[in-house]
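Trainee: Please take me through one part of this structure closely. I would like to look at the salt bridges.

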Amino acid sequence: MSAAVISIEEHRIEQVLPQGAASDECKAALVKLGVALKQHAYEFTTVTPLTHKRVNERASAALAHDLPAIFGWNRPFRYAVPGPYILDLMRAAGVVDGDAGEGMQRATVRASTLGGQLYFHSSWPTTASDSVFFGPDTYRFVRELRRALPALASSVRRAVDIGCGAGPAAIAIALACPEATVFAADINPAALVLAEVNARIAGAGNVVTVNSNMLNNVDGQFDLIVANPPYLVDSEQRTYRHGGGDLGAAFSLAVVSAAIERLAPGGTLLLYTGVAMISSADPFRVKFEPRLREAGFEWTYEEIDPDIFGEELDTDAYAGADRIAAVWLRATAPGAA
């Protein structure tokens, strides 16, 4: 991505892959683990970090007694709880920490379910610079994406998910558009490992992971570009969370610019992001509308949740903001599809 838009790369900190998950053998074991969890009818809905913290602080939540507590709530567990087969797969994948105290172990990844699929992502808490985040934003993003896909699927041959994270959006597109090549792009190697694993668990063989800052390492035009970029002001500038300037909107604006440059005629951008509203005004809309208008795009834009991450309003960065809203932008490039 050019410096004229925003340089996310300059905030990049050395990445650390999930424990042992980078080798082919470990990735294969992690795929087997995901399949095994699905066969055990595993289900877990990931909540906000604050809710996760509150629930895990309960006295009754000190230890894990079932698979959702191990892989969802990420609590310490005794050897016997997951059973020998699951534990052996965890060890083979390198995703178990045997030093959780008093003979306990702890998973070094979490697993969430969404729309019948299972996704591995980072362990709790997501404080590392290379954390692979999954949470309520993911559910909102994929829900809106699935609503849009039926009308688009027949025209999609090349698609890309910018900042793919654990890969749920790329996988949703790949399953809905089996003839398409779907690129899962991220600058975080840990995300690419988990996106590849999750695609294999889902049977989405048309997902191609690529290490790319925005679309710098991906050639050509796309029929569909999607993104759920980081949009908060993060004091530690963690890759998965920090959206850059303009109160976190810089990354989202960069996605709009990339779509203008790289969408095929008639192609579509689907963008889920958060916006810090100031004095009832939407600063993100003020900036993206002129760009789309000048490029001849048509678009629709709506708030899908008026109040998210309210705790951020207590920080100095958001001292002038009224609220943070989740928004959905659909923009279509001019020309016949």
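Predicted model: local features only at pLDDT ≥ 70, side-chain atom pairs only at ≥ 80, totals over all residues.

Mentor: The count comes to twelve salt bridges, each a side-chain nitrogen of Lys or Arg within 4 Å of a carboxyl oxygen of Asp or Glu. Residues are numbered from 1 along each chain as its sequence is written, and side-chain values use heavy atoms, leaving out hydrogens and water.

Side chains of opposite charge can pair when their charged atoms come close.

Start with Arg140 and Asp137. Their side chains form a salt bridge at 3.0 Å, N to O. Both residues sit in helix H5 (residues 136–152), three residues apart, about one turn of the helix. Helices (H or I, at least four residues) and strands (E, at least two) are DSSP runs, numbered from the N terminus. Arg140 is buried at 13% relative accessibility, and Asp137 is buried at 8%. Buried means under 20% relative accessible area, exposed over 50%, partly exposed in between (1.4 Å probe, protein chains only).

Next, Glu303 and Arg323 meet at 3.0 Å, N to O. This pair links distant parts of the chain: Glu303 is in strand S10 (residues 298–305) and Arg323 in strand S11 (residues 323–332), 20 residues apart. Glu303 is partly exposed at 36%. Arg323 is partly exposed at 26%.

Lys53 and Glu57 pair at 2.7 Å, N to O. Lys53 is partly exposed at 41%, whereas Glu57 is exposed at 53%.

Finally, a network of salt bridges links Asp24, Lys27, Glu196 and Arg200.
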